[in-house]
Amino acid sequence: MALRSPLLYRALRCFCLGAFALLNRDVEDGADLPFAFEEHASRGRPSLYEYRPLVRSYVETRAERLAQTGDAILALDELKREPAAAIFARAHSGAKPNETDALFRTVLLPLLEKVAEGCGGFDWSDEAFDRAYVELEHSLFGERRAYAAVAPLVGVSAGAQVELGRGIRLRVAAAGELAAHWPEANGLLPAQFGREPDRLCLLELERQLEGPEPPDAPGELADAVTALRLATSAPIAAGPVLFERLDWRPFGIRPVLPIAATQPDGEPTRLDSFRGGLARDLLARVGGADEDPDLAEALDRWELSLFASEPFRSEQLRESLTALLGGTDGRAFFDGLIGALQ
């Protein structure tokens, strides 16, 4: 196997060997390693059942101990010397993320879990480690990386995937999708997510990265929420957090912007093809609001009006139209609209 970084290979291999010894010692001391029986049925033949240890959750519960081992410290020092690992050191999670924690969570822990899954437990296999390491090297030293961020969405349902542009889509969440990559996800989802018709969808951003900086996913998904609210008048919100992955490896967890994470009052709706197309057109225009101060102010005031009660709601709408259409025209349009409604 041709190695791009033999020193990194050795350091990560020593970390995994030491971690296997620690984890296996816990099993020998009586710790329960959870497992699942998977049925493999075939027509005309008896079903076969596979015993599959659930090593990921077992490893996650011992992450703090694993991070304090000497092998982990040496492996992290080697990763910090590797420029290709810079993007992983920028991962976001927790109240005060730092480079060491980010590298441990996004590189060492997933590598260990991948090796353990390949071994079917904690009986070491050089072949399982080499397969996992080759995959990691491809991610570290590849010219491009596949980045994705997903956020739970409430207030809207959809029967099919809706492309919103800018690499953003709305789609139905697969069962257990978030928990499979982020074990802590179940405690970070909106109430009743996955159980109610208007709480089954995700907003997803996908990008090919060529540099060391991830995109501004909170800002981009907040723009998508604004476009969906404009297109549907539904009480749509995302979050409260978004989940990031890099080359299909867990990368980080970040809060969604408060304006997008707060759900307005209203009745949920279903996103059809017409309003999906309208949301796509609106998102293209919302993305240019930073270069148009009047449009940015109009959008901000309109969105704030969704959470206000009268008379502040009407005042925010009046100021929104004033910023959008100009002082005299905006006020005249609003006053005329209110008069027609009355």
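Predicted model: local features only at pLDDT ≥ 70, side-chain atom pairs only at ≥ 80, totals over all residues.

Residues are numbered from 1 along each chain as its sequence is written, and side-chain values use heavy atoms, with hydrogens and water left out.

**Aromatic pairs**
- The structure holds nine aromatic pairs; rings of Phe, Tyr and Trp (its six-membered ring) pair if their centres lie within 6.5 Å, and planes under 30 degrees apart count as stacked, over 60 as edge-to-face and the rest as tilted.
- One of them joins Y9 and F129 edge-to-face, at 5.5 Å centre to centre with 65° between the planes.
- Y9 lies in helix α1 (residues 6–28) and F129 in helix α7 (residues 126–141), so this pair ties together parts 120 residues apart in sequence; helices (H or I, at least four residues) are DSSP runs, numbered from the N terminus.
- Both Y9 and F129 are buried, meaning under 20% relative accessible area (1.4 Å probe, protein chains only).

**A second pair**
- F15 in helix α1 and F104 in helix α6 (residues 99–119) are 89 residues apart.
- F15 is buried at a relative accessible area of 1%, and F104 is buried at 9%.

**Cluster and charge**
- Y9, F20, Y58, F122, W124, F129 and Y133 are linked into a cluster by ring pairs.
- The charged end of R62 sits over the ring of Y58, 3.7 Å from its centre (NZ of Lys or CZ of Arg within 6 Å of the ring centre and within 35 degrees of the ring normal).

How values were computed
Helix = DSSP H or I, 4+ residues; strand = E, 2+ residues; numbered from the N terminus. Buried < 20%, exposed > 50% of the residue type's maximum accessible area, 1.4 Å probe, protein only.
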